[in-house]
Amino acid sequence: MIKDPQALIMRKESWEDYYLLSLQSPDIANQAKPGQFTMVKVTAQPYPLLRRPFSIHSREKENIEIFFQKKGVGTTILAQKEINDSLDILGPLGKGFRVDPGLKGKTVFLVGGGRGIAPLYFLAEELAAIGASVKIFYGTKSLSDLCLKDKFEKKGFELFYSTEDGTLGFKGLVSDLLKAELQNLIPEYIYSCGPELMMKKIAQIAADKKISSEFSLESLMGCGFGICWSCVRRIRKDGEETWLKICEEGPVFSKEEIIW
Amino acid sequence: MTDLSVDLGFLKLKNPVIAASGTFGYGLELAPFIDLNQLGGIVTKGLYFNPRPGNPPPRLAETPMGLINAIGLQGIGVKRFSEEILPQLKKYEPAVIVNVCGESEEEYVSVVDFLSQKEGISAFELNISCPNVKKGGLCPALDPKETFSVVSSVKKTSSFPIITKLSPNVTNIEEIALSAQEAGSDGISLVNTFLAMAVDVKTRKPKLDNLFGGLSGPAIKPIALRMVYQVASRVNIPVIGMGGIMSGNDALEFLIAGAKAIEVGTANLVDPEATLKIIQELKDYCKKNGIEKIEEIVGTLVS
């Protein structure tokens, strides 16, 4: 964990309620792995008090990016930040996705729902770098929520879209799109991040087809670095079910570990 | 050079800044990130005799200038603590203060008895006041007789000094503090968190699975300060003050009100370097105001 009290905002993009900030933070960028996250103090003022967790969306040299949806007090303040403002951040935190060199030449599916697409860009880049064939399933409510469509396409990843209203791609849920695609091809690994219910369905599909899979969980967090014990989740580990801290032991867990 | 050391009588601290229980893990978690040796003391996460699973989530609700927690004292128990944590923790300079919990008077005694045989502990902080374990937050610190009973039993067993941690969820805090003193407590620390709740208006459900939790953070500071002042004015054993301390200035308010040392809690969650920042700000204040020894300002409220 590194504390960077002044990570400079280098770039900002926005789409209705979604935002992307690129933060200059060389040490954090240098250590970051896909699936890890950062705790951001959205204001130097004392309210809101707690930092907010954001997964690391991408790494570009000495910058890391965060992608978020404006929802509550914290993200509303964060959405108002502009280029050249700076943020106090901690990172990289948690354990990320498993990027096994053995996946070279193998096909992997990355399934993201809504803002859950955020950590999958960094993951896709790292998997592509080791020579895995990366196919991305990106599901949202509507075409207007598919903010990162162009960004993924520019990198040449193979993409499968679903929208609940059918404005682009498969009409319906991304889990159903995945199910349909599994008729054609069984990947070596499935990685996923998104709403709880979506991930639960995908875990079930992966279990039925006996595909190894990992999920990045979301939680309210007090600290993000393991001292407050707020962000626990029922996890099966070494044959035992316990409350494990998502911030420290996760946020990524395998389908076998998560108790849905 | 400003002398930041404080003498609690039963315990000398290199400075008055102590990391509060439940906001600093077992003490070692932050060792890779901050220089623990700068701290005056570390209070461990509360320990029951056996490991405890804690409460189901959600365990946390953020509120304006504060947070409500109902962790439920998830923990590793005394055996693992003394085998895995204590041998490491005692290598550091800060006073190691073990926060002791119990579901019954017997359990407090057995935790203290077990740990009294270990090396590396400077004092026990008796947590007779955690509001988030049971619904309703019943605990000995709500009653002077129960406080007296548990403190005196523990005192008989303990090889180390006892700091009794009081709950603010009482009508007459001075009465409880005097009971603890009478029972032989070596010091008093206060305040624990305020019993609180929050509601999600969309679902109409409580924001905590436990319904109630303990409110901490800057929101409670003025009330905590008032209670610390009241207790410090009445007892003749040292008082350790806490409640929403985020800065050196906050810490100074408690010292001036009569606390000999202070604990920093919620601030650690926001900034893992909070304790170090507060120590630096205390140094700066003393230097700027020509104070040679920080103890000089304890209990100097001008009326």
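**Sheet, domains and chain contact**

In chain A, strand β13 (residues 212–216) runs antiparallel to β16(A), joined to it by three bridges. Strands here are DSSP E runs of at least two residues, and helices are H or I runs of at least four, numbered from the N terminus. Two strands pair if DSSP finds at least two bridges between them. Within β16(A), A:Phe253 is the bridge partner of A:Phe215.

The model is predicted: local features need pLDDT of at least 70, side-chain atom pairs count only at pLDDT 80 or more, and totals for chains, interfaces and linings use all residues. Residues are numbered from 1 along each chain as its sequence is written, with chains lettered from A and ligands numbered from 1 in the order in which they are written.

The two strands belong to an open sheet of seven strands in chain A, ordered β11-β10-β9-β8-β12-β13-β16. Its pairing is mixed. β11 (170–171) and β16 (252–254) of chain A are the edge strands, each pairing on one side only.

Chain A is assigned domain 1 (2–93), domain 2 (101–216) and domain 3 (218–260). These bounds come from an automatic or database domain assignment. The C-alpha centres of domains 1 and 3 of chain A lie 23 Å apart. Eight residues of domain 1 of chain A contact seven of domain 3 of chain A (C-beta atoms, placed from the backbone, within 7 Å). On the domain 1 side, β3 (37–41) and β7 (86–93) of chain A each supply at least two residues.

Between chains, the contact takes 20 residues from chain A and 27 residues from chain B.

Conventions
Two residues are in contact if their C-beta atoms, placed from the backbone, lie within 7 Å.
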